[in-house]
Each structure stands twice: as structure tokens, then as C-alpha cells.
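Welcome! Here are some exercises to work through with the sequence and the model open side by side. Try each task before reading its solution.

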Amino acid sequence: MNLKNFNLAPLYAIDQEWALLTAGKKEKFNSMTISWGGLGTIWNKPVVIAYVRPNRYTYEFMENNEYFTMSFYDEEYRKDLAILGSKSGRDLDKIALTKLTPEFLEKSISFKEAKLTLVCKKIYFQDMDITNVNIEQSEKERLYNTEPMHRMYIGEVVEIIDKRVK
Ligand SMILES: Cc1cc2nc3c(=O)[nH]c(=O)nc-3n(C[C@H](O)[C@H](O)[C@H](O)COP(=O)(O)O)c2cc1C
């Protein structure tokens, strides 16, 4: 893959603008909002990193599919990302509550409104270990006292669909 012209400020894009993580098949898929994650390199491959708690419905789709997408949106879709980040696909058709239109790709699924989609092949996962987390104790407790630890997924970026004006 030619990454020469690919440009993204990942800290800002993921942390501030948020993204969608989507996995599944045409018949059944799910999306959730993420604001933790990363882009980088390992094993000489361009990769994304996502952190998913096992109680998310999206987790089941991450587990059961070889591919997933990380997709990025303009500010006008913030409300839709807030919906997908606060309701569970387990309880209702939350995508129907948004303006987003599923786009079925060869290997996975994104949305027509995405300005950028990274199609990723799952190449690694690992459950985060609380004993190795070296952040403020209060923050550790706030994040993990009542909710389970995240599973980290590394996905090789196998396709970039970039609709941003260059
Ligand atoms: C801005 C924002 C960022 C989020 N980031 C993450 C994340 O990185 N990992 C995670 O497991 N959940 C994250 N969530 C929570 C999930 O998006 C949320 O629990 C969602 O309702 C899960 O949907 P699902 O059950 O359909 O998978 C985030 C939520 C919001 C609003």
C-alpha cells in the first residue's frame, strides 16, 4: 500500500474528533464510537490500534470477524457519533437513529458519510492487564472499578478510502 500521500493527525482525529469502529457482515454488523486508539507501525505493517471493552456489543463483532473499519467524520455528524457511543446495538437499531448510511465494502463495512475509512485486518489482540497500568490510582478506579478492562486490537491497514479534498 502506498502511504506516501496519507496524512492524518491521529491524536487529534481520534481523541478530539472521535471515530467509529465497525465490524460484521452485511446481514449483521455493529458500530460504536471510539476516542481511544492509535495509528502506527508494527511488524513492518501500517496499523491501527483500538481498545474495546468486552461488554460492548461491538466486541462480539470484533471477535467474530477477520476485518473491521475505523472511520472518521466531519463535525456535522458529531450527534450521530454521540448516539452510536451511548446506545447499544444490542438493545435497538441505533444506526437507524442516525443520518449515516452503511457502505458495504469488499472486506468490511463503513458509512457513505465517512470522510476517511481505514479497512483493517485483525492481526493481534490482547487483554489489558490492570497491574501494568501506571496512571493515577483515582483514574484507574474510575475507569475500571465497575467496568471491565479493554481488549486491545491491532489491525493491519489493508485499504484506505479517503474522500477528503487534498
Ligand atoms: C466519545 C466516546 C468515546 C468512546 N470510546 C470508547 C473506546 O475507545 N472503547 C470502548 O470500549 N468504548 C468507548 N466508548 C463507549 C461505546 O461507544 C459505547 O459503550 C457504545 O454504546 C457501545 O455500543 P455497542 O454496545 O453497540 O457496541 C466511547 C463512547 C464515546 C461517546
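**Exercise 1. Pairing across two strands**

Which residue in strand 9 is the bridge partner of Val 119?

Solution. Keep in mind that you are looking at a predicted model.
- Step 1: Start with the two strands themselves; strand 8 covers residues 116-127, and strand 9 covers residues 151-162.
- Step 2: Check their direction: strands 8 and 9 run antiparallel and are joined by 11 bridges.
- Step 3: Look across from Val 119, and you find its bridge partner Glu 159 in strand 9.

**Exercise 2. Buried or exposed?**

Decide whether Trp 18, Asn 44 and Leu 118 are buried or exposed.

Solution. The cut-offs you need are 20 or more other C-beta atoms within 10 Å for buried, and 12 or fewer for exposed.
- Step 1: Trp 18 is in the loop between helix 1 and strand 1. Trp 18 counts as buried because it has 20 C-beta neighbours inside 10 Å.
- Step 2: Asn 44 lies in the loop between strand 3 and strand 4. With 5 other C-beta atoms within 10 Å, Asn 44 is exposed.
- Step 3: Leu 118 belongs to strand 8, and it is buried because 26 other C-beta atoms lie within 10 Å.
- Step 4: See what Leu 118 touches: leaving out residues up to four places away in sequence, its contacts are Val 48, Thr 69, Met 70, Val 157 and Ile 160.
- Step 5: Most residues other than glycine have a negative phi. Trp 18, not a glycine, has a positive phi of about 70 degrees, and Asn 44, also not a glycine, has a positive phi of about 60 degrees.

**Exercise 3. Inside the core**

Which residues of the largest nonpolar core touch the most other members?

Solution. 
- Step 1: The largest nonpolar core has 34 residues.
- Step 2: Those that touch the most other members are Ala 19, Leu 21, Ala 50, Met 62, Met 70 and Cys 120.
- Step 3: Take Leu 21 as an example; among the residues it touches are Ala 50, Phe 68 and Met 70.

**Exercise 4. Around the ligand**

Which element gives the largest share of the shell around the ligand?

Solution. 
- Step 1: Of the 21 residues around the ligand, Tyr 57, Thr 58, Gly 85, Ser 88 and Gly 89 come nearest.
- Step 2: The elements that give two or more residues to this shell are strand 2, strand 4 and helix 2.
- Step 3: Strand 2 gives the largest share, 4 residues.
- Step 4: By type, the shell divides into 8 nonpolar, 9 polar and 4 charged residues.

Terms used: Residues numbered from 1 in each chain as written. Predicted model: local features only at pLDDT ≥ 70, side-chain atom pairs only at ≥ 80, totals over all residues. Near = placed C-beta within 6 Å. Nonpolar A, V, L, I, M, F, W, Y, C, P; charged D, E, K, R; others polar. Contact = placed C-beta atoms within 7 Å. Pairing = 2+ DSSP bridges. Core = buried A, V, L, I, M, F, W, Y, C linked by C-beta atoms within 7 Å.
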